[in-house]
Amino acid sequence: MNEPTTSNGKSAIVVLRHGCDGGSQPTNQTLDFNPNSTVTFYGGGGTVKNNKITVVENWLGCLGLKQMQGLQDDLTALLKPYAPVSRIISEGPGDGHDGTPNPISTISCYAKKTASNLKTLKNRNLAIDLYNNESFTDSNVFGVDALLKDGKGQFSTVVCWEAKGMWRHGSGTGFESDSILATLGHCGPEGKKVPNYDLLSDYSPYKGQMIYIFEYNDNGSLTLRVFGYDPSRTSGKFQEIKEGAQWPSKLCTDDKQCNCDPAEDVPYACSEVE
């Protein structure tokens with residue numbers, strides 16, 4: 001196995017929406033983040049114990065599961081130029097009625113690989129912090145200082161959330177100025193909006209497809225980079241988007257948000273982490 005190497009790059013705050021919906025099986029699965037992670041449960045419903053998270057019902061469809069699995073290596077490669085990720089923030093798994101397991105499920109494979117790498121690089125556990133959805137307005141959670149509390153210039157943080165709170169308030173509503181993306185988007189030069197703020201406000205963050213990287217600069221401002229992700233590509237899985245005309249087509253079309261066909265049975269599982 002190639003050992004991970006340290007990066008002297010900038011800290012980054014990375015935000016993505018959960019993967020494509022459509023699943024209903026299997027039920028009562030356990031996401032075990034031992035031995036290299038510390039899961040702290042601040043809310044969001046469900047059961048979390050001893051760094052293990054119970055997923056009462058999987059709601060990721062075929063493509064969502066492929067996104068979950070693909071991010072393990074693909075997001076690791078995309079973030080290699082940045083300071084190592086020491087913290088993942090997501091939503092509690094819910095109890096099958098309230099809340100959703102999709103965010104933590106989507107980022108779970110990446111989390112397991114990142115935890116192993118971080119232990120090798122820094123001899124520390126990956127922090128996985130789970131909150132209820134309403135926490136998106138809390139600056140003690142989603143302010144820049146809080147998100148990079150492990151050390152600016154030393155570590156990075158990944159946030160995986162649902163559209164509610166990340167971009168909008170409720171189903172059918174549009175971009176909101178107090179959403180996670182909007183809050184970070186107002187941390188540009190001189191406390192103003194990032195120059196490409198329209199990529200936040202004018203375009204919906206498709207499920208598991210859009211990756212927002214907020215680079216932390218020495219002067220305390222953030223620089224936004226946006227990438228589209230397609231796990232089905234054999235190469236060039238990430239395409240950087242610099243203007244609205246480059247916004248990709250949505251992968252999670254309604255006909256793909258369904259249970260897996262028997263011929264394409266995608267397991268609810270990650271590749272083994274060495």
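This is a walk through a predicted model, one selection at a time.

Some ground rules before you click. Residues are numbered from 1 along each chain as its sequence is written, and side-chain values use heavy atoms, with hydrogens and water left out. Because the model is predicted, local features need pLDDT of at least 70 and side-chain atom pairs count only at pLDDT 80 or more, while totals for chains, interfaces and linings use all residues.

**Stop 1: strand β9**

Select 210–216, which is β9. Helices and strands here are DSSP runs numbered from the N terminus (helices: H or I, at least four residues; strands: E, at least two). Color by accessibility and you'll find that 7 of the 7 residues of β9 are buried, where buried means under 20% relative accessible area, exposed means over 50%, and partly exposed is in between (1.4 Å probe, protein chains only). Both faces are covered: M210, Y212, F214 and Y216 sit on one side, and I211, I213 and E215 on the other.

Now bring in the neighboring strands. Strands count as paired if DSSP finds at least two bridges between them. On one pairing, β1 runs antiparallel to β9 with 5 bridges; pick V15 and you'll see Y212 as its bridge partner in β9. On another, 7 bridges join β9 to β10 (residues 222–229), also antiparallel, and M210 has G228 as its partner there. Follow the hairpin of β9 and β10 through its 5 residues between the strands, and stop at G220, which takes a positive phi near 90°.

**Stop 2: Q209**

Step back to Q209, in the loop between α7 (198–201) and β9. Is Q209 buried or exposed? Its relative accessibility is 3%, so Q209 counts as buried. Show polar contacts, meaning N or O atoms within 3.5 Å; within protein, one must be able to donate a hydrogen and the other to accept it, and residues adjacent in sequence count only if both atoms are side-chain atoms. A polar atom of the Q209 side chain lies 2.9 Å from the backbone oxygen of S249, and the side chain also reaches the backbone nitrogen of L251 at 3.0 Å.

**Stop 3: the C20–C252 disulfide**

Next, select the cysteines. The structure holds 2 disulfides, a disulfide being a pair of cysteine sulfur atoms within 2.5 Å. One of them joins C20 to C252, with an S to S distance of 1.4 Å. The torsion about this S-S bond is about -65°, so the disulfide is left-handed. The pair links distant parts of the chain, 232 residues apart: C20 is in the loop between β1 (12–17) and β2 (27–32), and C252 is in the segment after β11 (238–241). C20 is buried at 0% relative accessibility, and C252 is buried at 3%.

**Stop 4: helix α2 and its cysteine**

Select 102–122 for helix α2, whose 21 residues reach 29 Å from first C-alpha to last, close to the 30 Å expected at 1.5 Å a residue; the expected span is 1.5 Å times one less than the number of residues. Of the 21 residues of α2, 15 are buried, so the helix is largely enclosed by the rest of the structure. Just after α2, check N123, with a positive phi of about 55°.

While you're on α2, click C109. C109 and C270 form a disulfide, with sulfur atoms 2.0 Å apart; at -85° about the S-S bond, this link is left-handed. C109 is in helix α2 and C270 in the segment after β11, 161 residues apart. C109 is buried at 0%, whereas C270 is partly exposed at 24%.

C160 is in no disulfide, and the nearest cysteine sulfur, that of C109, is 12 Å away. C160 is buried at 0% relative accessible area.

**Stop 5: T157**

Finish at T157 in strand β8 (residues 156–161). What does the side chain of T157 reach? It reaches the backbone oxygen of L147 at 2.4 Å. T157 is buried at 2% relative accessible area, and among the residues T157 touches are A12, V14, R87 and I89.

Conventions
Contact means heavy atoms within 4.5 Å. Lists of a residue's contacts leave out its neighbours within four places in sequence.
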